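Colleague: Before I use these terms, I would like to hear what stands behind each of them.

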Amino acid sequence: MRRAGFWTASVLALILLALAAVVYGAVPLSLHDVAAAITGQGDPATIAIVRTLRAPRVLLAILVGAGLGMSGAALQGSLRNALAEPYLLGVSGGAAVGAVCAVALGVSGAAALPLAAFAGAAIATIATLLVARAAGGRADPRVLLMAGVIIGAFANAAIMIALADAPPNRIRGALWWMMGSVADADWTRVAWLFVYVVIGAALLLWFGRDIDVLALGEEPAAGLGLDVERAGRRIFLLSALLAAATVAAAGLVGFVGLVVPHLVRMAGVRRHRTLIAGSALVGGVLVVAADLAARVLRPPAELPLGAVTALIGVPFFLVQLRRLA
Amino acid sequence: MEMPFVFSRGSLFVLLTVVVAATASCGRERAHADASVLDDFGARVHDGTAHTPARIVSLNPTTTELLFALGAGSRLVGRTHWDVWPDSARFVPDVGDGIRPNIEAVLARHPQLVVLYASADNRPAAQRLRAAGVEVLALKTDGITDFVRATHLLGIATGERAAAATIADTVQRSLDRVRRETATLERPRVVWPVWESPLMVIGGGSYLTQLLEIAGARNIYADISAPSPQVSLEDVIRRAPDAVLVSPEGAARIRTDPAWQAVPAVQHGRVLVIDTSLVLRPSVRLGEAARSLARLLHPGRIP
Amino acid sequence: MIRFEHVVVRYRRATGAAVDDVTFSVPRARVTAVVGPNGSGKSTLVRALLRTVPLASGDIVVDDIPVRSMDRRAAARRVAVVPQREENVFPLPVREFIALGRYPHQDVWRAAIDTDDAAIDRAVRLAGVVPLLDRSTAELSGGEWQRVRIARALAQGADALVLDEPTTFLDIAHEMAMFELFALLAREGQALLVVSHQLNLVARFAHQLVLLHRGRVVAAGSPSDVMRASILEQVYDWPIVITRDPAVGAPSLLPLRRGTHVL
C-alpha cells in the first residue's frame, strides 16, 4: 500500500541520511571511527569532531526540518492555501530584523542572536495579526497573507537601513545568517530547539482535527461548530512561533515549509494529524540532505543551507506548476 | 608699405601659436617621460614636485598613515572613518567610507588630490571626482609589493619622492632583516581566523600571508587565493595547524568554544594572541609587525 | 425548533440593516423556506445562525436556548448548516469528507466514537451517495458535490437542517430528488430551513414560506398565502402571473415579458 511504503521509506531515508551526515565531512571518517567516537573511544580529535561538530549539527538539521515542515503543513491547511508557508507571514522578515540588528550592533554572547531573532519574529507575527484585524479580515486568510507580505516588506526595508552603515564584515555576517546554516550547532541549541519542537508538535497534533475542519472553508467550519476565528488564530500563532524557533536556531532556511507538505500529500496523506507528523519526518530528511550537500559540494567552503533548499524548491515548483496547467 | 611675411599681424599670430605649441609639446614630452607611471586604475600619475597639492583627501588607512610618514600630514584635509593611525590622524576631518565614498563629503573639503583604494567598487567614484576637476590617485595596498609601490607613487604625487624612497627602503630592509633571522628556524603551520560566523580565515591573497612567511611561519590556507576565504571548521582540523593566531577578543571565544576544542592546536593551548593595532593593515610599520609576529611564533629566538 | 426573534444584523460600513427585525420560526417535521430577491437578507440570516456575523439585536433560539449562549459544538449538534458555497482546496476521499460531519460530537482525545459509523451510514444512505464513497471530492460533478455536502450535514445527526441555495447547480432531476429528500426528512421529524430563490420548487415542497424584502418579512404563511401576484410583483419589481395547475397542486409563478403585460 502506498502509504505504508511512504512511512517506511521516509524513516529509512532519515536514518541513512543522518548516518551519512555524521560520517561524511571535510575530515574523512569511517563508520567504525564514528561508532567508536560516539561511545567515547578512539582518537580525541575524532571524538571531538563527531560529538561536538557533526552530531549536534545533524540533530539540529532534523529539528529545523521537522519544525518547518509541521509549521507549513498546519498553515496551508488552516489558511486554505497550498502555497502558504511560514515565511510569508512576517516570521522571516521579523526574525531577520532582530538578528540583523543584533549583528549590526555587534551584540555579543552566544544566545544574543537567537533571542533577538525570536523576539523579532514574535513581534512581526503579532503585527501581522493586528494589521489583518485592522483591515477587517478577522477570519479571511487572504487578508492575513497580505498583512504578512506587508510586514515582510517593512522588515526588508528595516534590514537595509540597519545594514547601510555597517562595516563589511558585519554585513557579511548578517547575510550569512539570513542564508541559513546549522554550522553553529551546539548541544545547548539542540536541547532548546528539541523542547520547542516537541511542544509545538504536541500542540499542533492536538489541534490537527481543527485544521481538517478549517480546511473546508469558513462557513462550513462554522457550521460544524468550530470557532473559526479563534481556531485560525491559534494555529497561526503556533505555526509562526514554531517557525520562529527554527529561524532563531538556524537562520532562514526557505522552501522547506512550502515543499514538504506537498511531498507528504503526494503520498496520499490527507488528514492533518497524519500530514503534520509526516511533514515532520520528511522535513527532517530534507534539511539533513540539504546540509550534507551544503558541506560536500564546494570544499573548503560551505554553501548556505537556505540556498541549497531553495535550489531544491524551485524545480519542485516548476513540476507542480506543470501539473496545474 | 608691405611688411615682409615675418612681421605681418597674421603671421605673428601664426608664429605665436607655433611657439606656444612647441613649448607645450616640450612640456608634454617631459610629462610623457613620467607617463609610464600609472596608478592602479591605469591613470597617469601627476608629478607633484612642480605643483604640490596643498589639500589632500586620503580614503584608505594605509595611505593616510603613509602621508603622515611622508611629512604631508599637514596637507591632509580629509580621511575615512577608519583611519586612526597615527594618532594625529584623528584631527583630520572624517568624510565617511573609503569604499564607495560620499562624493559630496569629499568635494566639500575642496581637495586637489584624492587618494582612493583601487578596488573595482571605487571606479565610479574615481570617474566622478575626475569629472569634478580633482586629481585622483588610485592605489592598491593589499600586498607588501603593493605597499612599496604605493609609497613611491604617493611620493611622486605629493612631491616627496625622497621621503618616499627612504620609507620604502627602510621597510624593505627591516623586513629583510626579520626574514634573515627566521630563515633557519622551524616553520610552524598556522591558521588565522578573522570572523566567527561564517568562519573566515586569512588566505593566500592577504599580505598577512606574506608577512607570516617573513616571520618564519606558513599559513595553511596560503593555497587559497582569496584574502579572507570562508572555510569550515572541519577543514581547519583536516589541515592540522600547529598554532592558531587570533585577536584578543577572538582568543577568548576560541578558547572557550567547545567546537574549537576539536582542533588539536587549541586543545594543546597553542592559541597565539596578536597585536591587532600593529598588523591590521600594511603600513610603514610593516617591519615592526613582522618582528612582533616572529617573536610570537618563535619565543626567545628573535631579538 | 429554531426561532428567529426580532433579529437585526448590520454589516460594517453599510447604511441600512441587512436583516431588519425578522421574526419567524422553523418548526419540526416541516419544511420552511425563506425566499426573496437578491440582497433581501436571506444568506445573512444563515450567517447569523453560523455566528460568522454578529447579531446587532434580537435572538436566534434553538429549542428555547439562545444560540449566542450555546457552546458552538453543542449548537452544531442541534443544527446542521449547509452553506451556499464551499471551496475544495484540499480534496479528500468522499468517505473522510462525510466523516468530518461527526466533528461536533468528537473531542480532542477520540477521533471517532461509537455512534459515528451508524450516523455516517444513515447520512450516506439518505443522501444517496453510496457509490461515491471511494472517490475524491475533486472528481465529483456539481450535483454529486452538493449531495455529498448534504450527507456531511446529515452525518451531524442534528434535529434541524439549514440549507442555503442547495439546488443552484443542479438539473431538474437532481433538484426534484433533493427536495423529495427534504420532504422525507421532514416526515421523519426534522426541522428544515431552506433558503432558495426557486420559488416554484419551494412552493411545492415547503409547508411555510417566509418572504423577505430588503431585510424585512413582508409575508409569511402557506405557499398559497404568500404566492400572490400583488405581493410578489411589489417585491420582485417585475410583472408576474400566478397559475395553479391541478397536476402540480401548488401555485406556480410565471414572470411576464415586459411590454406584453396582459391585464
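This is a predicted model: local features need pLDDT of at least 70, side-chain atom pairs count only at pLDDT 80 or more; totals for chains, interfaces and linings use all residues.

Modeller: Residues are numbered from 1 along each chain as its sequence is written, chains are lettered from A in the order in which they are written, and side-chain values use heavy atoms, without hydrogens and water.

Colleague: Why is Phe194(A) called partly exposed?

Modeller: Its relative accessible area is 47%. Buried means under 20% and exposed over 50%, with partly exposed in between (1.4 Å probe, protein chains only), so Phe194(A) is partly exposed.

Colleague: What makes Arg54(A) and Glu234(B) a salt bridge?

Modeller: The term asks for a side-chain nitrogen of Lys or Arg within 4 Å of a carboxyl oxygen of Asp or Glu. Between the side chains of Arg54(A) and Glu234(B), the N to O distance is 2.5 Å, so the pair qualifies. The count between chain B and chain A is one salt bridge.

Colleague: Which residues of chain B lose the most area to chain A?

Modeller: The two chains bury about 1900 Å² between them, 64% of it on carbon and sulfur atoms; buried area is the accessible area (1.4 Å probe) lost on being put together, summed over both parts. In chain B, Trp195(B), Gln230(B) and Glu234(B) lose the most, together 34% of what that side buries.

Colleague: How do you know that no contact joins chain B and chain C?

Modeller: Contact means heavy atoms within 4.5 Å. The closest C-alpha atoms of chain B and chain C lie 41 Å apart, and no contact joins the two chains.
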